Amino acid sequence: MSFADSFRAARWVRTFNLVLQACLIISLVVGLNYLALHFAWRFDLTRLHKHSLSAETLSYLKQLNKQVLIVVTFSETSDEDGKYAQAAQDLAPLLNQYVYATETNTSGRLAVSHLDVYRQPREAQQIGAEQNEILVLCGNRTRVIHYEDLYQFSEGKRAAFLGEQAITTAILDVANNNRKKIYFIAGHGELDPSDVSADRGISAFRDQLSNRNFELDRLDLREKRRIPDDAALLIAPRPVASFEPFEQELLRQYLSTRAGRMLVLLGPGYSDLGLSDMFFDWGVLADKAVIYDNGADGQNELGGLILKDYAPHPVTQPIIDQKIPVRFGACRSVRVNPSRATDESLIVTRLIGTSASAWGERNPTQNPPRFDPTVDIIGRVLGVGVASERVGAKAELNFSVPRGRLVVFGCADFITNNRISAGGNLTIAISAINWLVDRDTQLNIAAKPIEKFQLALSQQELLRLRYSLLFALPAGFALLGIIVYWTRRR
């Protein structure tokens, strides 16, 4: 018998055949992985494109030329009601998309790190991280994103996910060398951003602004005699002395000719501080009156005002959506000026109003204060916050652009160290600043609605489902096996 017809030759042929099959399978797997690595395609088949970044975000990421690190401190076991755990679940696929989108961008990649601030306290302290927040870091610049920034709320419940807007805005902010600069006006007895005392210091508010990547500085107009060109926003935190005429003119020119932005926080005093003419130009009236409210629902046990009348506006929308109150102490009446000049380019909005039982007390010597209808201001026209904006039509276009913005609150103690974390105080303060510096309109990324699915089964339907899984499904496989066995026997 020849070698070709022997069993030994058959074994060699069979072995060669097996080795060849193994090589072909390995080649197929390697080839598929090579194609997947270099020629990958992703298809998001979800109805709301939950696993895709918007075209605007992708465009920004392609132009990113710095390394950005995102540190997430949300934990799935850090809260009892599960809101932070849900935030962690919503963030995970979104952040994966950011990393994937920058994989091929060698000059501007994005990395994601998860940090447990309790198990890794040293690392958390080095970057200033706290529990349940997102830090976006680039070089020595940091932007903090909180839970409230990730969602759009309706009646106190999460209605839409804003994670992409918040993260993309933060990335652009820290990757941009031009940080917006905020100046705290000084020289008139204002609250001091470096003061750490509880009732007069606003160091906690200063730190919150620093965490949001604002550059901060102090500005004494009496010394500088000019407003710097890099001033994105001026904050006057409770001045007690009047502004000199040349200072008043500097502020008026800054707002009108330079499209400036200013936040004024007044105290409960009776002086006009020399700002009445500037306020009139912007349709704002700061009355020489302190607000009192003896109504059952108008004042808390500590004498602070209970404010529930919020007008829809970008400044107040976060506290409206989240249904959180602001807690103001002694307030001065600030309202829309009924005598303002007719100006179609001027939009003035009363942000926060008082209850009908409140009044504006004009007599500072009256003790105890009581409402005098012949002198005092009735509550239905009072307010404690006003936003004013001048807009102008852009040449040859059918939309308007802001030419200056001013926000005035009749209270300043809501940003002091002992009140800034109470209720919605920090929320409305940051919201006002974001609106003033246009941080609320930087991106046009649609919010992604949160879909909720609920499976409702009756007791009988649950019982039928249980029996189907326990008996019907195994019986079906057993019957299929019997059929196959019987067929093969024949």
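Figure 1. Lys288 lies in strand 11 (residues 284–293); helices (H or I, at least four residues) and strands (E, at least two) are DSSP runs, numbered from the N terminus. This is a predicted model, in which local features need pLDDT of at least 70 and side-chain atom pairs pLDDT 80 or more, while totals for chains, interfaces and linings use all residues. Residues are numbered from 1 along each chain as its sequence is written, and side-chain values use heavy atoms, without hydrogens and water. Lys288 is partly exposed, at 45% relative accessible area. Buried means under 20%, exposed over 50%, and partly exposed in between (1.4 Å probe, protein chains only). Lys288 touches Tyr270, Asp272, Arg332, Glu361 and Arg362, leaving aside residues up to four places away in sequence. A contact means heavy atoms within 4.5 Å. Tyr270 is 18 residues from Lys288 in sequence, yet the C-alpha atoms are 4.6 Å apart.

Figure 2. Strand 5 covers residues 151–154 and strand 6 covers residues 157–161. Four bridges join the two strands, which run antiparallel. Strands pair if DSSP finds at least two bridges between them. Ser154 has Lys157 of strand 6 as its bridge partner. Two residues separate the strands of this hairpin, and Glu155 in the turn has a positive phi of about 55°. In strand 5, Tyr151 and Phe153 point to one face and are buried.

Figure 3. Two bridges join strand 6 to strand 21. Ala160 stands opposite Pro449 in strand 21.

Figure 4. The structure holds eleven aromatic pairs. One of them, Tyr467 with Phe471, is tilted, at 6.1 Å centre to centre and 40° between the planes. Rings of Phe, Tyr and Trp (its six-membered ring) pair if their centres lie within 6.5 Å; planes under 30 degrees apart count as stacked, over 60 as edge-to-face and the rest as tilted. Tyr467 and Phe471 are four residues apart in helix 12 (residues 459–489), so about one helical turn separates them. Tyr467 is partly exposed, at 45% relative accessible area. Phe471 counts as exposed, at 54%. Elsewhere, Phe74, Tyr84, Tyr147, Tyr151 and Phe161 form one aromatic cluster.

**Figure 5. Arginines over aromatic rings.** The charged end of Arg225 sits over the ring of Phe246, 4.0 Å from its centre. The charged end of Arg390 sits over the ring of Trp282, 4.8 Å from its centre. A charge sits over a ring if NZ of Lys or CZ of Arg is within 6 Å of the ring centre and within 35 degrees of the ring normal.
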